[in-house]
Amino acid sequence: MTTTLLLGFLTGIGFGFALHRAGFSRCNLVHRGLWLRDFTMLKVMLTAIVVSLIGIAALSALSPELVHWKIKPLYLWGVIAGGFIFGVGIALGGYCPGTAVVGLGSGIGEAILAVVGGLMGALAFIVVYPWLKPILIEPANLGKITIPSVLGLPVLPVALAFALMLVGVIWWLTRLERRMRERAKAPVQN
Amino acid sequence: MAVSEMKVRTFPATGKSDAARMPNWLKWGALIGLVQIFAIATVAPLGVSTAYPQFVGLVLDRLFPGFAAQQLYLREIGTGVTWEVMLLAGLFTGALLSFLLGRMKGGLHSQPAVAPVCVTGFEGSRMRRYVRAWLGGFLFIFGARLAGGCTTGHMLSGMAQMAISGLVFGAVAFGTGMLFAKLLFREPSR
């Protein structure tokens, strides 16, 4: 049990360090991303997904017992309604649950408020959960479906194809960004 | 103070040596991917938003003994010092570490420069900014808990496992975020 906790702490340090270095402690990055002015946010996320997609698929092919899968179920109403509320939240705050804590670590006032708001939102959710569960979470639950399970194909080839597609998206975003920068002739980093 | 702050935040974005280096988004995005593989191989895929209600449960249960046992949601997700809560603590520590290391290095590399705020309507008074950040935090955790995950759990981890729920959540959250960022904030003045 203690080992698990220590592992969690170490994992968090690596994650927080990388998110901070990528620039996520400030809400600018998310706002610029949502305004399609700067694709740093999307590129960081897609890169992380590509690396882990290939890593997990390779690991599951080599030693399946090492992979702790945790597929989230697709209960349509809750995922869609939650995604909507979440989207409004990130547009307002410029943070998501993880980056708010990263901002907190670098002492940014707005991030502190976002974390406090998040804790209060968590309490509100705990309180209303018994009412929401039968309306939004239990009905229309399609279960823990994945792209390979829907297609009925093995994990590794689907993961490689998906990764290749995401690399294409990253490449396209980089090109789009260069073209936008040339047009605007404004200095933008990365 | 203001000038030294500026120095900390400006980063040679167009220096020659900088252009030759691996772009920031690629370097730190790939590291997040490796952290994800480590997390999956040791305990579970990365996830941040679960820790918020678990932490709330931990604190409130200390203040009002028996609180956690009465709440259906906390009985389902568990509470106390969990792997998720330790990950959150690590996230904070990692960001703080990166921030302090950047400071020690004379400000350079503390963070990639993010061009100033792109949305003029966002600045406003400090009070308004704080209220917005608080409300954003409240909504992003409420939404994330309703959907069953946030940017990290649904998008980073979900897409790395090719879960359909992650794709649906990502599409709804980004779409809503983009729409509301456009509705709420004005075009940059420059």
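This is a predicted model: local features need pLDDT of at least 70, side-chain atom pairs count only at pLDDT 80 or more; totals for chains, interfaces and linings use all residues.
A helix here is a DSSP run of H or I that holds at least four residues, and helices are numbered from the N terminus.

**A look at chain B**

Over in chain B, the secondary structure is made of 11 helices and zero strands. Read from the N terminus, the elements go α-α-α-α-α-α-α-α-α-α-α. Chain B has 190 residues, and 53% of them count as buried. Its accessible surface comes to about 8,600 Å², with 69% of that belonging to carbon and sulfur atoms. As for how the chain meets itself, take the contacts between residues at least 6 apart in sequence: 58% of these join residues at least 24 apart.

Let's zoom in on two residues of this chain. Ser157(B) belongs to helix α10 of chain B, residues 151–160. With a relative accessible area of 2%, Ser157(B) falls under the 20% cut-off, so this serine is buried. Which residues is Ser157(B) in contact with, leaving aside its neighbours within four places in sequence? They are Gln36(B), Pro45(B), Leu46(B) and Thr152(B).

The other one is Asn24(B), in helix α3 of chain B (residues 24–42). Asn24(B) is buried because its relative accessible area, 12%, is under 20%. The side chain of Asn24(B) is joined to that of Trp28(B) by a polar contact of 2.8 Å.

**Where the two chains meet**

Now for the interface. In chain A, 118 residues are in contact with 121 residues of chain B. About 11,000 Å² is buried between the two chains, and carbon and sulfur atoms give 77% of that area. On the chain A side, Phe15(A), Arg21(A) and Trp35(A) lose the most area to chain B, and together they make up 8% of what that side buries.

There are polar links too: 19 residue pairs are in polar contact across the interface, with both residues at pLDDT 80 or more. Several elements of chain A give two or more residues to the side that touches chain B, among them α1 (2–21), α3 (40–62) and α6 (109–137). Which element gives the largest share? That is α6(A), with 23 residues. Sorted by kind, the residues on this side of chain A come to 76 nonpolar, 33 polar and nine charged.

**Salt bridges**

How many salt bridges does a search of the whole structure find over all chains? The answer is six. Between chain A and chain B, the count is three. Here are some of the salt bridges, with the distance between N and O atoms:

| Residue | Partner | N to O distance |
|---|---|---|
| Glu110(A) | Arg129(B) | 3.5 Å |
| Glu84(B) | Lys70(A) | 3.9 Å |
| Glu138(A) | Lys133(A) | 3.7 Å |
| Lys133(A) | Glu76(B) | 2.8 Å |

Take the salt bridge of Glu84(B) and Lys70(A). This pair crosses between chains: Glu84(B) is in helix α7 of chain B (residues 83–104), while Lys70(A) is in the loop between α3 and α4 of chain A. Glu84(B) has a relative accessible area of 15%, which is under 20%, so Glu84(B) is buried. Lys70(A), at 38%, is partly exposed.

Next, follow Lys133(A), which forms a salt bridge with Glu138(A) and another with Glu76(B). The pair of Lys133(A) and Glu76(B) crosses between chains, from helix α6 of chain A to helix α6 of chain B (residues 72–77). Through shared partners, salt bridges join Lys133(A), Glu138(A) and Glu76(B) into one network. Are Glu138(A) and Glu76(B) buried or partly exposed? Glu138(A) is partly exposed, with a relative accessible area of 48%, and Glu76(B) is partly exposed at 41%.

Definitions and conventions. Residues are numbered from 1 along each chain as its sequence is written. Chains are lettered from A and ligands numbered from 1 in the order in which they are written. Side-chain values use heavy atoms; hydrogens and water are left out. Buried means under 20% relative accessible area, exposed over 50%, partly exposed in between (1.4 Å probe, protein chains only). Contact means heavy atoms within 4.5 Å. Accessible areas come from the Shrake-Rupley method with a 1.4 Å probe; for residues, only the protein chains shown count as cover. Buried area is the accessible area (1.4 Å probe) that two parts lose on being put together, summed over both. A salt bridge is a side-chain nitrogen of Lys or Arg within 4 Å of a carboxyl oxygen of Asp or Glu. A polar contact is a pair of N or O atoms within 3.5 Å; within protein, one must be able to donate a hydrogen and the other to accept it, and residues adjacent in sequence count only if both atoms are side-chain atoms. Ala, Val, Leu, Ile, Met, Phe, Trp, Tyr, Cys and Pro count as nonpolar, Asp, Glu, Lys and Arg as charged, and the others, Gly among them, as polar.
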